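Please open the model in your viewer and keep the selection tool at hand. The tour below goes from stop to stop along the backbone.

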Amino acid sequence: MTDEAFFSALAQPGIQRLRAYDPGHDLVAFRRRFEGPDSRGRVLVELGSNENSYGPSAKAKEAVLGTIHASYRYPDPLGGDLKRALAAKHGVDPASILLGNGSHELLMQFAQVFAGPDADVVASQHGFAVYAIAAQAAGAALRVAPCHPDGHAMPRGHDLDAIAAAIAPSTRLVYLANPNNPTGTWFGAEAFAAFLAKVPEDVIVVVDEAYAEFVDAPEWASALGFVSSHPNLVVTRTFSKAYALAGLRVGYAIGHPGLIAVMERVRESFNVNTPGLAAAEAALADEEHLAWAVARTREQRAALTDALRARGLTVFPSQTNFLLVRFAAPGDEAQVAAIDAALIDRGIVLRPMGGYGLGHCLRITVGDADENRRLLAGLDEVLA
Ligand SMILES: *Cc1c(COP(=O)(O)O)cnc(C)c1O
């Protein structure tokens, strides 16, 4: 009797229906299964979690080592140095910045603060999975706006008109990702401005820009440029992707100082740890390393897209460091699961997309040239 169901029935209603975030395959188990690391200590070709294969700035690694002696101290609860560095970079006041243990934590907290049983949440079909979890955990209903159809220039991407239309009088929070994970799709500044004009001022719009650094589409612009004119807009960024610090868990939000002050009420005092704060600050200062890693990623993104398309696969347009790739007709999940399993047997780990309603697709992180070569060789075997 005392199983998970017993305790689930004791939880608040939103949590009773909640399923935990699916982090993909068990990489630690796979790493044990495969022997013989490559020259960089890598055993598997791990292309499932949109990490940055080029690694962080050497200065960030040095900064982490420099904090080890202070591990017995609590971290700076204000994250003052990092906030000031971010404020200078983005031309905002430090009071506009909220630091998170990764941006995932902040995405959860927006719903905790602004949504609830009487305050619902709008997100797009195929939007990042955390938004639905955040809404449910807060006990809020989620209104899912339909995405663009296949065949559209941004297939399965955010349809801003549909998202605006899904906003009801009971809506308090909208989550957008630009570009979006797992589709890789994006929307331009003009479309976003038209969208914002339709959103009531008592509806908070969160724009998740986890992949902003990888974008080179000329029509894209960061939502940060709209924050000063739209107090209900808040933008999240992360050090996990382009800055390659996923293991240290640092993200941040930029918004109106009043909105940030309300969010601060639920922030755990020491949510960002000392090595994370130091590494993020050092990584931010090393613009050269960031530019190098982003340039390599864009090159590899284009090359991998071409290579996959040359094999007859449909690759969704992407401005991120990953590609959503269609391996079968919609609904044909079994065939794609078999491809995924055959790749794992070859030490190649991608991300299954069943949880997103895209089980006919796999999501592939753009690795470095060596990883992408190994991926393509494995795919050629499996698809033959
Ligand atoms: C990876 C990712 C994040 C970042 O999560 P962190 O908690 O900062 O590591 C946020 N949003 C999206 C859409 C992502 O893909």
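In which loop is Arg 249 found? Select the loop between strand 7 (233–238) and strand 8 (251–254), where Arg 249 is found; helices (H or I, at least four residues) and strands (E, at least two) are DSSP runs, numbered from the N terminus.

Before going on, note that this is a predicted model, in which local features need pLDDT of at least 70, side-chain atom pairs count only at pLDDT 80 or more, and totals for chains, interfaces and linings use all residues. Residues are numbered from 1 along each chain as its sequence is written, and side-chain values use heavy atoms, with hydrogens and water left out.

Staying with Arg 249, look at its backbone: phi is positive, about 65 degrees, although the residue is not a glycine. Most residues other than glycine have a negative phi, and most peptide bonds are trans. At 29% relative accessibility, Arg 249 counts as partly exposed, a class that lies between buried (under 20% relative accessible area) and exposed (over 50%), with a 1.4 Å probe and protein chains only.

Next, select Asn 50, which lies in the loop between strand 1 (45–46) and helix 4 (58–67). Phi of Asn 50, which is likewise not a glycine, is positive and near 60 degrees, and Asn 50 counts as buried because its relative accessibility is 1%.

Finally, move to the loop between strand 5 (171–177) and helix 9 (189–198), where Pro 179 lies; Pro 182 lies in the loop between strand 5 and helix 9 as well. The peptide bond from Asn 178 to Pro 179 is cis, with omega near -5 degrees, and the bond from Asn 181 to Pro 182 is also cis, with omega near 15 degrees.
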